[in-house]
Amino acid sequence: MPARYGSEFCMHHDAYATLRVSREAGIVRVTLDNPPVNVLDVALMTDLRRLLTTLREDDSARVIVFDSADPEFFIAHVDMSLVDAPDAFDELAAEGPAGVNVFQALGDLLRHQPQVTIVKLTGLARGGGAEFVTAADMAFAAIGTAGIGQIEALMGIVPGGGGTQYLAGRIGRNRALEAVLSADLYDARTAERYGWVNRALPADELDDVVDRLARNIAALPDGVVAAAKHALAPDDLAEGYRREHDAWAGQFVRPAAERLIRAGLAHGAQTRDGERDLEGLLRKLAG
């Protein structure tokens with residue numbers, strides 16, 4: 001069945017339940033389509049991991065551009081209903097590398113992708129969604145509509161999918177602490193000023209700028225992309241991942257986390273109305 005957003009219908013690519021995938025001249029375009037708000041659930045994580053793993057061996061693909069079928073939400077956050085299904089990710093975790101949790105594994109797979117990965121952000125990306133954006137090679141955000149934030153502190157936890165590590169490297173420790181502990185939603189201009197995204201752009205220019213960049217990269221001579229990614233390799237975060245996981249897991253087992261997550265779901269989290277000001281919703285519950 002097609003997914004519906006407002007008056008628009010979005011057809012899925014046959015191979016994936018939550019993604020629409022198309023290709024042209026070395027560019028793979030991936031549209032996330034997991035209504036109602038693109039939560040990072042088992043289905044979306046499975047599709048993303050399968051896509052990235054498949055493309056690792058595809059020498060004809062040079063750039064992967066991610067966007068969303070829903071202009072309001074890129075990836076809302078990790079599926080909060082998993083509080084009632086703690087074993088839901090066990091199969092994915094069993095297939096992942098040792099030393100990282102299942103959420104860190106997805107981000108690290110994205111960070112080490114041989115293609116150049118670009119996020120085109122028009123809507124909101126919180127929690128695990130923000131981690132995905134920050135793990136990508138580049139991100140471009142629409143002024144006035146895009147927002148990014150690590151909201152986990154309002155749920156009584158800390159980022160556990162690589163967010164602390166990616167942020168410290170991207171925007172510095174001081175601003176990473178601000179982002180994690182404020183749990184605020186950052187607009188495109190602020191995210192650009194902090195270095196969280198490459199550029200903040202007028203919404204009507206975002207497509208053209210990203211498309212031009214993707215086409216220019218895809219048209220480079222053979223070997224240039226691989227050489228650049230080899231020279232600018234991502235940092236080894238093994239020890240940081242361990243620290244982050246211990247911090248996240250230690251908070252997740254506390255009663256406050258379960259109470260806040262359940263209360264958030266009961267009061268509108270993961271609905272379109274509730275997600276538009278999720279920070280406000282959770283602050284009321286915590287207060």
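1. A residue counts as buried under 20% relative accessible area, as exposed over 50%, and as partly exposed in between. Asp 207 has a relative accessible area of 42% and is therefore partly exposed.

2. The model is a predicted one, and its confidence should be kept in mind throughout. The pLDDT averages 93 over the chain, and 95% of the residues score at least 70. Over residues 1–12, however, the pLDDT is below 50, and this stretch has 29 contacts in the model beyond near neighbours in sequence.

3. Helix α4 (residues 128–135) packs with helix α5 (residues 163–171) at an angle of about 45°, the axes being 9 Å apart, and the two helices are therefore oblique to each other. Their crossing is left-handed. On the α4 side the contact is made by Glu 131, Val 133, Thr 134 and Ala 135, and on the α5 side by Gly 163, Tyr 166, Leu 167 and Arg 170. By class, the contact of α4 with α5 comprises four nonpolar, two polar and two charged residues.

4. Helix α5 also packs with helix α6 (residues 173–182), here at an angle of about 135° and with the axes 7 Å apart, which makes α5 oblique to α6. The crossing of α5 and α6 is right-handed. From α5 the contact draws on Leu 167, Ala 168 and Ile 171, while α6 contributes Arg 173, Asn 174, Arg 175, Ala 176, Ala 179 and Val 180. The residues of this contact of α5 with α6 divide into six nonpolar, one polar and two charged. Leu 167 of α5 takes part in the contact with α4 and also in the contact with α6.

5. Is Val 158 buried, exposed or partly exposed? Its relative accessibility is 23%, so Val 158 counts as partly exposed. Val 158 lies in the loop between β10 (147–149) and α5. Leaving aside residues up to four places away in sequence, Val 158 touches Glu 152, Ala 247 and Trp 248.

Key
Residues are numbered from 1 along each chain as its sequence is written. This is a predicted model: local features need pLDDT of at least 70, side-chain atom pairs count only at pLDDT 80 or more; totals for chains, interfaces and linings use all residues. Side-chain values use heavy atoms; hydrogens and water are left out. Axes are lines fitted to C-alpha atoms, for helices over the stretch in contact, and angles run from 0 to 180 degrees between N-to-C directions. Helices (H or I, at least four residues) and strands (E, at least two) are DSSP runs, numbered from the N terminus. Angles under 35 degrees count as roughly parallel, over 145 as roughly antiparallel, 65 to 115 as roughly perpendicular and the rest as oblique. A crossing is left-handed if the near helix is turned anticlockwise from the far one by less than a right angle, and right-handed if clockwise. Contact means heavy atoms within 4.5 Å. Ala, Val, Leu, Ile, Met, Phe, Trp, Tyr, Cys and Pro count as nonpolar, Asp, Glu, Lys and Arg as charged, and the others, Gly among them, as polar. Buried means under 20% relative accessible area, exposed over 50%, partly exposed in between (1.4 Å probe, protein chains only). pLDDT is the predictor's confidence in each residue, from 0 to 100.
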